[in-house]
Amino acid sequence: MNFLVTFAAVYKHVVMSNELLTPDYILESSWEVCNKVGGIYTVLSSRAKTLQDRFPDKIIFIGPDFWKEKECPYFREEKTALSVWQQTASEQGLTVRVGRWLIPGEPIAVLVDFIPFFEKKNEIYTWMWDNFGVDSLHAYGDYDEASMFSYAAAKVVESLYNHITAAVLEEDGKTPHFVYHANEWMCGLGALYINHHVPSIGTIFTTHATSIGRSIAGNQKPLYDYLFAYNGDQMAGELNMQSKHSIEKQTAHHVDCFTTVSDITANECVELLDKPVDVVLPNGFDNSFVPKAQVFGRKRKLARRKMLQVANALLGENLGDDTIIVSTSGRYEFRNKGIDVFVEAMNRLLRDRNLKKQVLAFIVVPGWVGEPRQDLRERLKSGLSYDTPLEVPQVTHWLHNMGHDNVLNMMKFYDMHNRHEDKVKVIFLPCYLDGDDGILNLTYYDVVLGNDLCIYPSYYEPWGYTPLEAIAFKVPCITTDLAGFGLWANKEFGHAGQLEDGVEVIHRTDYNYSEVADNIKDCVSSFSAFTQKQVDTCRKHAEALSKKALWSEFIKYYYQAYDIALRKAAERCK
């Protein structure tokens, strides 16, 4: 059956009009579908309910299946979901599990085993070079694994498209409209495969951060002042990023709709990928994660109590509830996420004479964690009070690389040992907070809830979910105007955000590290003198801003991307 002829006929009158084209099915892939490893998980999982409500069970997520015999905590298999197709997929050599992603909305998820495709790796890479000029010769690290998943996901998309289209045509004679949305360079290869082999599917590619931009920033090079002068291909060679940069660049140039998450990253795309984006897709939030009214207050009190208990047991202190609890969090990118400037700011705050209260600062960043500290667990279990600190009173879990950890080494360099007389205590919590870390045993959102102030002084941050999550939980925060979220907040305020607005947006450049640290120090110091009324106003404004960033506000940009992709596919299939 020639789907392309029917497809073009259906679209002919619509494409000539100004109607917004809407997909009947959305297939979306990411390495982080049912795999909680980074910020993209939050993007997809928080957006899913909005799309599931609009396209019930017509939004299908595709992720990697590497759980094998283990039970995936984010996935519930359902043999009845797409049951006929599951049999077809098996006959086509695809090993898949179909079920529900256990997030709000519970959309359909397909987990695919990509390991069998490794035996075809060289053949696949040769095809990509011949058709798109993608350089895979310099691949290393996670490139092969990501690419084989991307290819497997594309085969799933191709199979689903053929199966669903045939069924719909047989039932009502209409050709359904599909878009395929690939996230990050890890899914680029599959997007190119679909563009070539299933041209009637509109393809969308989102780079959540350019691989070469992140690498430039992470290698201590000034990114922003010299962005206009950098050549992406040249820098990829210099930084040994040729293959990742190549697949990202070629995908950006060949898909129907190229997108990113903020204006600041859109500038990177123009300069480093030589391709302007078609649409900016800002990251929204689903506030169904936020507890309501009385539950909110109860959970906040519980979180604060547990955070203070852990700190007191570790430090041999008696920090009370009037202690200001602050934190930073995110991926362990020491410079890019501003972890270095956070430590610097806390060190300077130690000597600030205007600080009115004790400050307990947590660095919640997953490191190379070994195990929970047994001595700390014993103290917590005893329920007793202690007046002497444990050995190394800066960390809650032992690390495999204690002598080479950036956070601990910087604190050691500044002689930050959480002494009794210090009004600022800094604790490194180096693990994913899933509620079962062995020490705090709270989820990440519960920890955010217990904070008085969150600090994210990022140098490289295409969007910035962490500050958005903070304000959604009514916690005022500090961020920078090098974060997409910070720029968006400034635009909403009509001026540079101040703490009284709920978000303090600090101006950051390639070279003003010291000024940023001082600004953070001054901001925390000022916050320590706020009256309860000022704090309440701050929290109220933070919550109000977060509601402007709900997915109900931002989903319209996705509909624009779907429209662009479907129109391009229609033109291609004439």
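**A tryptophan and its surroundings**

Mentor: Trp 31 counts as buried because its relative accessibility is 15%, and the cut-off for buried is under 20%. Keep in mind that this is a predicted model. In the chain, Trp 31 sits in the loop that runs between strand 1 (25–29) and helix 2 (39–54).

Next, the neighbours. Leaving aside residues up to four places away in sequence, Trp 31 touches Pro 64, Phe 66, Phe 114, Glu 145, Ala 146, Phe 149, Met 186 and Cys 187. Phe 149, one of these contacts, is 118 residues from Trp 31 in sequence, yet the two C-alpha atoms are 7.9 Å apart.

Contacts across the sequence can also be put in figures for the whole chain. Of the contacts between residues at least 6 apart in sequence, 74% join residues at least 24 apart. Buried residues account for 60% of the 574 in the chain, and Trp 31 is counted as buried.

The chain has 20 helices and 17 strands. Its radius of gyration is 25 Å, close to the 25 Å given by the globule rule for 574 residues, so the chain is as compact as a globular protein of that length. The C-alpha trace spans about 80 × 50 × 45 Å along its principal axes. The accessible surface comes to about 23400 Å², with 50% of it belonging to carbon and sulfur atoms.

Searching the whole structure gives 1 cavity of 30 Å³ or more. The largest cavity holds about 40 Å³ of space, and its lining is made up of His 138, Ala 139, Tyr 140, Tyr 143, Asn 240, Met 241, Ser 243 and Lys 244. By class, that lining divides into 4 nonpolar, 3 polar and 1 charged.

Helix 19 gives the most, with 4 residues. In total, 15 residues line the second largest pocket, and Arg 300, Arg 304, Asp 321, Asp 452 and Gln 532 lie nearest its centre. The lining of the second largest pocket comprises 9 charged, 4 nonpolar and 2 polar residues.

Notes
Residues are numbered from 1 along each chain as its sequence is written. This is a predicted model: local features need pLDDT of at least 70, side-chain atom pairs count only at pLDDT 80 or more; totals for chains, interfaces and linings use all residues. Side-chain values use heavy atoms; hydrogens and water are left out. On a 1 Å grid over the protein atoms alone, a cavity is a set of points where a 1.4 Å probe fits but cannot get out, and a pocket is an open set with protein on both sides within 12 Å along at least five of seven lines; lining residues have an atom within 4 Å of a point. Helices (H or I, at least four residues) and strands (E, at least two) are DSSP runs, numbered from the N terminus. Ala, Val, Leu, Ile, Met, Phe, Trp, Tyr, Cys and Pro count as nonpolar, Asp, Glu, Lys and Arg as charged, and the others, Gly among them, as polar. The radius of gyration is taken over C-alpha atoms; the globule rule is 2.2 Å times the number of residues to the power 0.38. Buried means under 20% relative accessible area, exposed over 50%, partly exposed in between (1.4 Å probe, protein chains only). Contact means heavy atoms within 4.5 Å. Accessible areas come from the Shrake-Rupley method with a 1.4 Å probe; for residues, only the protein chains shown count as cover. Grid points are joined across faces, edges and corners, and a volume is the space filled by probe spheres set on the points.
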